[in-house]
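Hi there,

Here is the structure I promised to pass on to you. Please have a look at it first, and then read my notes below.

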Amino acid sequence: MEREHLLTSESVSEGHPDKMADQISDAVLDAFLTQDPFSRVGCETLLAKNLAVIALEFRSDAKVSIPDVVRQVIRDIGYTDPSYGFDYRTCEVITSVSPQSEEIADAVGHPDGEIGASDQGTVFGYATRETPELMPLPISLAHRLVQKQAEVRKSGVLSWLRPDAKSQVTVRYLGLKPISVEKVVLSTQHSPGIGRDRMQEEVIAEIIEKVIPEALRAKNIQYLVNPSGSFTSGGPQADSGLTGRKIVVDTYGGSCPHGGGAFSGKDPTKVDRSAAYMARYMAKNIVVARLAERCTVQLSYAIGVAEPLSLTIDLHGTGAVDEQRLEDTVRRIFPLTPKGIIETLDLRRPIYKKTAAYGHFGRELPEFTWERTDKTRQLRGLLGLQGGE
């Protein structure tokens, strides 16, 4: 008998301090890649009240004005008014810049033109048929809520909204199938003077009920809008922000293991980013090829070594083929060295700021090459199966 259980996932808005830090780090990376596609960059951002600190190690011929990049990101997010407690024009920007370690540079560069992994690490990719985008339903809905919050804020539909927000969605499952949304939490920064009743009513009408499908709402669904009360002080004024503190928000919302490595601010020679994209690409093609209803791919690497130390595929009991045979097959189709991943997914482009809010996976953007499903027929053919999707 299939067991019912609950799964909860969260997301945060582009104006949340941690996500601001991710976007700044990736915007700096994009600025380097725009001028020099072979740039190697590691960028970390710390945000606090009226302060942005950028720590950068790099190897590149690009010349980038880091403070200009930082201020543009903050402006685009919407911190454009001193009354918000953080303003792109007046915040202090401090930079600490150093060249990439020669030892790391030597480990990454191979005499035969291959690229060694720039650090050790384990990554996971995941896909599931429970949503059209092959993502877990809780994280998909959580992302859409904060995306909608930004949309109605920027369009003026709810002009009293401010940039900082968090969402959380609890879904009831029967076995592997999501059957209802039980609880929705949305905490959003707002301007002073907005009554609690009006705020709750408008957030439910213009954000929550525009995102949560009526057919999925539980009979006794709970909406918790700003359950802590007033939320006028937000962003870096009220909380610090740091690159890489929302790694589960960035990936699968707790439905899949996480290797622990953050993505933002890292160029694609760093496999904790690029290999995670390849693992998603592999898992998604496996599911779309109808080889499983659900798939987790694990890859691990050692610094300076090009080939992965291990590849493991878990079909969670839903597979149409033997997992060991599938592992042997995907090695023939998907290049797993850093160089092979970069070239296959075309990762030397300035595409990364778009990844840094609302999730790195599950969005059909042209830049997100890891969301393609162009290997399904080849997978089925090598496995001796007819057709594909």
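This is a predicted model: local features need pLDDT of at least 70, side-chain atom pairs count only at pLDDT 80 or more; totals for chains, interfaces and linings use all residues.

**What I found**

At 44% relative accessibility, Asp374 counts as partly exposed; buried means under 20% relative accessible area, exposed means over 50%, and partly exposed is what lies in between (1.4 Å probe, protein chains only). Its partner in a salt bridge is Arg372, with 3.8 Å between the closest N and O atoms. By a salt bridge I mean a side-chain nitrogen of Lys or Arg within 4 Å of a carboxyl oxygen of Asp or Glu. Arg372 is partly exposed too, at 32% relative accessibility.

Residues are numbered from 1 along each chain as its sequence is written, and side-chain values use heavy atoms, with hydrogens and water left out.

How many salt bridges does the structure hold? The count is 24. Side chains of opposite charge can pair when their charged atoms come close.

One of these pairs is Arg198 with Glu202, at 3.1 Å from N to O. Both residues lie in helix H5 (residues 196-211), four residues apart, which is about one turn of the helix. Arg198 is partly exposed, with a relative accessible area of 42%, and Glu202 is partly exposed as well, with 23%.

Are Lys266 and Asp272 buried or exposed? Both of them are buried, and their side chains meet in a salt bridge of 2.8 Å, N to O.

**The chain as a whole**

The chain has ten helices and eleven strands. Helices (H or I, at least four residues) and strands (E, at least two) are DSSP runs, numbered from the N terminus. Of the 389 residues, 56% count as buried. Along its principal axes, the C-alpha trace spans about 65 × 60 × 25 Å.

Contacts are worth a look too: among those between residues at least 6 apart in sequence, 72% join residues at least 24 apart. Here, contact means heavy atoms within 4.5 Å.

I hope you enjoy exploring it!

Best wishes
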